[in-house]
Amino acid sequence: MIKIDLITGFLGSGKTTFIKKYAKHLMDKGHHIGILENDFGAINVDMMLLQELMGDYCDLEMISGGCDKETHRRRFRTKLIAMAMSGYDRIIVEPSGIYDIDEFFDVLHDEPLDQWYEVGSVIAIVDAQIPDKLSKEADYLLASEAADAGRIILSHTDEASPEQAKAAVKHINRALKQIQCRRHFDENNAGEVLMKSTMQLTKEDMDALMTCGYVSEDFQKMDIGDDEGFKSLFFMNMDISREQLARAAAVLMNDKEIEKKCGHIYRIKGFIQEADGSWLQINAIHGQTTVEPAASGQSVIIVIGEHLDEESIRRELNGSNRQ
Ligand SMILES: Nc1nc2c(ncn2[C@@H]2O[C@H](COP(=O)(O)OP(=O)(O)OP(=O)(O)O)[C@@H](O)[C@H]2O)c(=O)[nH]1
């Protein structure tokens, strides 16, 4: 049987960062792995970020999104059928930051996939700096991902205070209660919740994560509709400098007046090209923007959030809202 791992986590929690490390660890152990990027967006930035892993023992596959839930489920299934013939012994699935976890279990329970695959580790990555108040939909995603996880990694703990980390676990428990799930995580127990930055995970941590399994818990489902709430917007070929982008990202994510016009933004990511042709990778979470050189890229800025207004955001990125 091929083992299949699911790595969930809200926008910007650290899934891609974790997968880079986890995949290397699995390859060092002699596994032949496939990474399936299961993204709802039209362009898969994460796929570009994982390119460096590709080689004899690792392949990347992607399900292109921009479709309704049923089509996505069908594409996921078809992809797994093809991947079962490709000689992998372990598959890692990274869904988009907004994901209905049922799709994973339902597809794997159906024939013929149930004959070929067994669920390995279900790992939920939760940002220790998660805001105390989230929308109903965001709380549902948080709880549904935690409910079945074999382990939770509480990421960004290097930036968070111990109180913030405890508050994040309390938040998960509150969200679980809201969906009538009995599962409860102990704020002081390092067993089920690994309180560590994704950058600081050791080989021993990875060994434990490889075998952490999953938990089957019942909870009340919520239908996160295809068109309401969360949205990913793609701004292609923007003529924007790194300074202008950092400024716009800070305003878009922190300014309450701008939020009224543009919507609630959780995440901005993408690439911009410098005048000399080199690429910069942009990552904005918690209203903080980091810009780092990237080996390659595509001229796109992705803005993800709730109730977004595309034109207002475009104007803000162009710096024209305040003129
Ligand atoms: N300080 C700190 N930064 C982190 C940690 N994990 C990830 N990051 C950074 O947070 C940003 C987002 O990380 P990603 O790994 O891209 O997050 P993701 O969950 O794949 O994000 P989405 O693609 O939006 O779903 C990047 O700038 C990472 O370098 C962590 O534990 N600590």
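Asp-205 is buried, with a relative accessible area of 11%, where buried stands for under 20% relative accessible area, exposed for over 50% and partly exposed for values in between (1.4 Å probe, protein chains only). This residue forms a salt bridge with Lys-196, the closest N and O atoms being 2.7 Å apart, a salt bridge being a side-chain nitrogen of Lys or Arg within 4 Å of a carboxyl oxygen of Asp or Glu. Lys-196, for its part, is partly exposed at a relative accessible area of 24%.

The model is a predicted one, in which local features need pLDDT of at least 70 and side-chain atom pairs count only at pLDDT 80 or more, whereas totals for chains, interfaces and linings use all residues. Residues are numbered from 1 along each chain as its sequence is written, and side-chain values use heavy atoms, with hydrogens and water left out.

The structure holds 14 salt bridges. Side chains of opposite charge can pair when their charged atoms come close. In one of these bridges the side chains of Arg-73 and Asp-106 meet at 3.4 Å, N to O. Arg-73 belongs to helix H3 (residues 69–84) and Asp-106 to helix H4 (residues 102–109), so that the pair, 33 residues apart, links distant parts of the chain; helices (H or I, at least four residues) and strands (E, at least two) are DSSP runs, numbered from the N terminus. Both partners are partly exposed, Arg-73 with a relative accessible area of 25% and Asp-106 with 34%. Together with Glu-70, Arg-73 and Asp-106 are linked in a network of salt bridges. A further bridge joins Arg-314 to Glu-311, with the closest N and O atoms 3.5 Å apart; because Arg-314 and Glu-311 are three residues apart in helix H11 (residues 310–317), about one helical turn separates them.

The protein is divided into domain 1 (2–210) and domain 2 (230–317), the bounds coming from an automatic or database domain assignment. The C-alpha centres of domain 1 and domain 2 lie 24 Å apart, and 20 residues of domain 1 are in contact (heavy atoms within 4.5 Å) with 18 residues of domain 2. Between them the domains bury about 1,500 Å², 73% of it on carbon and sulfur atoms, buried area being the accessible area (1.4 Å probe) that two parts lose on being put together, summed over both. The count of salt bridges between domain 1 and domain 2 is zero. Helix H2 (45–49) and helix H6 (136–148) each supply at least two residues of the side of domain 1 that touches domain 2, and H2 gives the most, with four residues.

Helix H6 also contains Ala-147, which is buried at a relative accessible area of 0%. Leaving aside neighbours within four places in sequence, Ala-147 is in contact with Leu-176, Cys-181, Arg-183, Val-215, Glu-217 and Phe-219.

Ser-121, placed in strand S5 (residues 117–127), is likewise buried, with a relative accessible area of 0%. A polar atom of the side chain of Ser-121 lies 2.6 Å from the backbone oxygen of Leu-209. Beyond neighbours within four places in sequence, the residues in contact with Ser-121 include Ile-4, Tyr-22, Arg-90 and Cys-212. Thr-198, in the loop between strand S7 (193–195) and helix H8 (203–210), counts as buried at 6% relative accessibility, and its contacts, with neighbours within four places in sequence left aside, include Gly-14, Phe-18, Ile-125 and Ser-155.

Key. A polar contact is a pair of N or O atoms within 3.5 Å; within protein, one must be able to donate a hydrogen and the other to accept it, and residues adjacent in sequence count only if both atoms are side-chain atoms.
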